[in-house]
2 protein chains.
Amino acid sequence: MSSETGNADRTNNQGRRKFLETTALAGVATAGFGLLTACAPKEPGGKGGAGSATGAAAASAGKAVEVTPGKLDDYYLLSSGGHSGEMRIYGVPSGRTIKRIPVFNIDPMVGWGITNESKAIIGTKPSGELRYWTGDTHHVHGSYEDGTYDGKYFWVNDKLHSRVARIRGDTFECDRITDIPNVQGQHGLFPDKRDPVKRDINRTTRVFAGAEFALPLPNDGRDMDSPEKYGCLFTCLDAETMQVRWQCQVDGNMDLVATSYDGKYAASNQYNVEGGAHYEDMMSAEHDACVFFDVARIEAAIAAGRTFTIGDSKVPVVDGRKAANADPATALTCYVPIPKNPHGVNASPDGKYFVCSGKLSPTCSVIDLSQVEKWFAGQLGNPREAVIAEPNLGLGPLHTGFDGRGNAYTTLFLDSKIVKWNIDAAIAQFKGDNKAKVVLDSVDVHYQPGHGYTSMGETKNPDGKYFNSGNKFSKDRFLPVGPLHVETEQLIDISGDKMVLLHDHTAYPEPHDAIIVRADVIKTRQVYNIDEFPNATKSDKEAGIERNGNRVHIRMTSQAPAFSMREFTVRKGDIVTLTLTNLDKVEDLTHGFGIPHYNINFIVNPQETKSVTFVADKPGVYWCYCTHFCHALHLEMRSRMIVTG
Amino acid sequence: MSSETGNADRTNNQGRRKFLETTALAGVATAGFGLLTACAPKEPGGKGGAGSATGAAAASAGKAVEVTPGKLDDYYLLSSGGHSGEMRIYGVPSGRTIKRIPVFNIDPMVGWGITNESKAIIGTKPSGELRYWTGDTHHVHGSYEDGTYDGKYFWVNDKLHSRVARIRGDTFECDRITDIPNVQGQHGLFPDKRDPVKRDINRTTRVFAGAEFALPLPNDGRDMDSPEKYGCLFTCLDAETMQVRWQCQVDGNMDLVATSYDGKYAASNQYNVEGGAHYEDMMSAEHDACVFFDVARIEAAIAAGRTFTIGDSKVPVVDGRKAANADPATALTCYVPIPKNPHGVNASPDGKYFVCSGKLSPTCSVIDLSQVEKWFAGQLGNPREAVIAEPNLGLGPLHTGFDGRGNAYTTLFLDSKIVKWNIDAAIAQFKGDNKAKVVLDSVDVHYQPGHGYTSMGETKNPDGKYFNSGNKFSKDRFLPVGPLHVETEQLIDISGDKMVLLHDHTAYPEPHDAIIVRADVIKTRQVYNIDEFPNATKSDKEAGIERNGNRVHIRMTSQAPAFSMREFTVRKGDIVTLTLTNLDKVEDLTHGFGIPHYNINFIVNPQETKSVTFVADKPGVYWCYCTHFCHALHLEMRSRMIVTG
């Protein structure tokens, strides 16, 4: 049911090889990575499109993943959306996009950034205008109980304006956005899995966020020409209140964040420990680090008042820089050296290890948490001794997923491969066992994978069924749609000894990290409770117009196929607030409300209330109409706004 | 590879029956449609989920539509996106979303509504702020040559603010948006297929748009309480210049538009010929109409100066109201009576008929264009005689597709079915042949279909392979994601005698109309030509800073993994224009440019140039970074903006 008719030249492998040679590898060569080119694996990528052939063969061998009509997917894939500013939900294995969740963007479909309620969450300027309608989401992670998802909350970051947003698991809507003070490039994010202080609380209580770009502290015009004075902050938020609890200043630039299952540690991989402002300077050192935070110690230091503040921020900050934490007995942080500009740090499901990829080194470093604990206890001389394995996997290792059977799956950006390797074997090899079989399998992906993750792989019980590779380039994988290509997500069956590429699906640029959550973990509500909305109009009798000077409040309800007010009249210059409550109770019976030439549209789901405020600055007749199909008389569902001169 | 684990209650058919009973039918009953409830078909919808069973059976019978890794889809499906304000491209048969095309919305991913170039297309207020960032796209149609798509342009309307946008077929980007004066609810849209005046030009030259909401003319505060004085305009735009050529005032509210293959006629279905302002008033008449426009006559009338203008608009308007066009010899318009609030008008591929659905009547009316031509020639007494068939199809008929084998496929909104019927048989039945077998097949869809269309079905050569049903409710078809459900698109195999439901895919609310175009028709470019951009910086040597008072122009280039300027300094209060040219020439090597806390993000595709303008109002260091993954050193790709106090 598919063909390459007329597109034969679009799928040939010449294209792929050319791409790899001229772009990624050439770029690396330009930057002078003798290390990388010397460490090219024995079977480099681009071997005649083996990936495609494998995939097609897999499908024809009965491995089809099609979810037929009437069937549901087995998993939710909750994904960031990069500089689209949104979060997304895909079904797995189908790859269908079930929801876009507007977060840092404006979405006229739901009215996000348009309704008063959403504006209050996003934040406005004194003028009432939104502060931002751009964002760059990178990582989505969920709240935990007993080492696995409880489905309550999901968090996603904005790298562009350094914010953290929370998504409710029952409605899949954003309910809070917090600005992180005194940082730029807030990149990594991870909730804790157990309270680091109150040890009996075995669920998420805090969310950690790492900042990538070093700044003058505060960034108010001082020290701009002195990068050596710049600093980066690691931030802890309260999972419930979403307030910033504390920050910790570190050396280096942070990317990803991981947390331990026992709640004791958060960690972030770091590049640019050199503190360079230009990219050549950022990669001069042979080792950067993975920095560990002893959360309980940090909070004890804060309780003891060993803090400072930065600029206008009242958030207590502790000093986690290397020089101030040389004594393990009192150290808040531990810097474990990792080869060259690492990217990605992931916690193994057995709770024992963090795996940190080299990016510009072809290695993955396995960090033994018990050794980190020993260092903090003063029982380990050099933090580097916490690295107990460092297998050579291939070019551009970035992110790692786990199958719960002792194996790890790492994305190789430059090689365009996923490599499956055994952790115990890697440890044995590191100890000197030359016969240890570390790399078990590899599969081509198309092309340049960034994040990769397994089903339930960030819990203590991964199920070992799927690995999803989020690829940064798609090039020839889908029908061409002009210069801007969609990205590729590839689903891989990891249940057997050999990985099998099952399915390509598309992702609007630019997906970063995601998690794959078993469907039964998620418990959503399909209809709101009208009492949740303090401004609800609970019956048509409560509906009407209230005027106070030039401020007018229109209280309206919707019930298919009509709005409660067939028309309403306001005066030119009035500041109008229109509050709409959807009285329909039937699941999926959503109404929209659009006002022509007033730049307003939003929806109200069953039993939901939303409001908008605008100045009635144009006299005339304006047919407000239902923009979300609701009923056989949907087209006739209107309310006439009359603006008198 | 899929299951209903934990979701058994979500897919039962009780839910569907309940939904139909309590919502749509109840709503109709409330509105008092004796007609509809009396005309229920013999096999009403909701018969135990036959649709799901059929679909599953179809898949198991080898009808799977999965497009395996490395294979391309056969068709582009170009769809509107409703109040998301965007257009979309899906692959068929996979249902994968290959592209979102921002049009009437703001899209921080590409920078649409953020760059100076996109703002100029969308339109700004004197303050420089965008006029609108909401929209409601309904219909997508492409340009024609010799009765089939030439792939050059696609048009999409905005019902919310009454605009028409054009999308280039080579880049799939919006290049023009035109405001339609003196209308609201600009709903239907269709390009012509042949020049109505210069008969040798057998390609698209004009685009027609019908307005739904009647307004005071002009809508400046006059006649607001006198709906009888309101009017609706039908608009003709030039396909190349996108200027409005003329408008024609009509009676009634217009929805969809169709055009004849011979170029002579455009037509629009109409509801509310009653001119009512409330929905009960809008459906009191037994017949509304399909209004035909004799384009050549209208343009002759304009050439003869028989026009007027409305308000500030300079667009010539002709009077196409019924009373002014009673004499067929001079009539510009012909009103063909169609039962009760019709919705949808579609041209049959043989060029002979327009099919217009009843919506609140269970019928589809077949209009013989040769009879319409006779009416305009004074050879037909009553326009109603142009209706040569009116089969009873079921509840809520809306839109019709064609297979090129003489059959039509009509969506039944209330019945949640697609019905396949034979046009010749319907004509025979209308003539009195009681044995004519009109309805050949029907299939359940899930649920409440709006638009439906066939592969290449809007050309003279439909291929009869697929029908896509755009359903307005999904309810239980996908994993639940909270109160807001995604919509369902269902792909149906129409190649055999029986329709077979093949595949459900998701569509972000709210899809309306779409077209399915064979892949080889589309010829895209994968890399821009740098010379297309007058503000391009063609080499690093041309890059730099130009200052003129407090106006600063930063001319920058990108080439992986670096921007040409590692840093740049501006002063607080400067009005900064930053122009970025992507010098990378490799396909898919796109860079992003985000400025923290300045609410700016946009991308530059290979060889593309874009610019942004902002006020540098915050002193400090701002790490501008590449937001679109480009290279192994993507994270290190930054430029430091220093804003001095």
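Modeller: Keep in mind that this is a predicted model. I start with the packing inside. The largest nonpolar core holds 223 residues. Those with the most contacts inside that core come from both chains: A:Leu78, A:Val103 and A:Phe172, together with B:Leu78, B:Val103 and B:Phe172. In soluble globular proteins, nonpolar side chains tend to be buried together. Take A:Val103 as an example. Beyond its neighbours within four places in sequence, A:Val103 is in contact with A:Gly85, A:Glu86, A:Met87, A:Trp112 and A:Ile122, among others. The list for A:Val103 also includes A:Val156, A:Ala165, A:Ile167, A:Cys174 and A:Ile177.

Now the interface itself. On chain A, 165 residues are in contact with 165 residues of chain B. The size of an interface is often given as the accessible area lost when the parts come together. Here the area buried between chain A and chain B is about 14,800 Å². Carbon and sulfur atoms give 59% of that area.

Polar links cross the interface too. Between chain A and chain B there are 67 residue pairs in polar contact, both residues at pLDDT 80 or more. The side of chain A that touches chain B has 82 nonpolar, 45 polar and 38 charged residues. The salt bridges between chain A and chain B number 6. A:Glu636 forms a salt bridge with B:Lys359; the closest N and O atoms lie 2.8 Å apart.

B:Thr506 sits in strand E28 of chain B, residues 500–507. B:Thr506 counts as buried because its relative accessibility is 7%, under the 20% limit. Its side chain reaches the backbone oxygen of A:Thr97 at 2.7 Å. Leaving aside neighbours within four places in sequence, B:Thr506 is in contact with A:Arg96, A:Thr97 and A:Ile98 on chain A, and with B:Tyr90, B:Phe478, B:Val486 and B:Glu487 on chain B.

Helix H7 of chain A spans residues 423–431, and its buried residues are A:Ile423, A:Ala425, A:Ala426 and A:Ile427. What covers these buried residues includes strands E18, E19, E20, E21, E22 and E23 of chain A. At the start of H7(A), a side-chain oxygen of A:Asn422 comes to within 3.0 Å of the backbone nitrogen of A:Asp424. After H7(A) comes A:Gly432, with a positive phi near 120 degrees.

Technical notes: Residues numbered from 1 in each chain as written. Chains lettered and ligands numbered in written order. Predicted model: local features only at pLDDT ≥ 70, side-chain atom pairs only at ≥ 80, totals over all residues. Heavy atoms only, no water. Core = buried A, V, L, I, M, F, W, Y, C linked by side-chain atoms within 4.5 Å. Buried < 20%, exposed > 50% of the residue type's maximum accessible area, 1.4 Å probe, protein only. Contact = heavy atoms within 4.5 Å. Buried area = accessible area lost by both parts, 1.4 Å probe. Salt bridge = Lys/Arg side-chain N within 4 Å of Asp/Glu carboxyl O. Polar contact = N/O pair within 3.5 Å; in protein donor to acceptor, adjacent residues only side chain to side chain. Nonpolar A, V, L, I, M, F, W, Y, C, P; charged D, E, K, R; others polar. Helix = DSSP H or I, 4+ residues; strand = E, 2+ residues; numbered from the N terminus.
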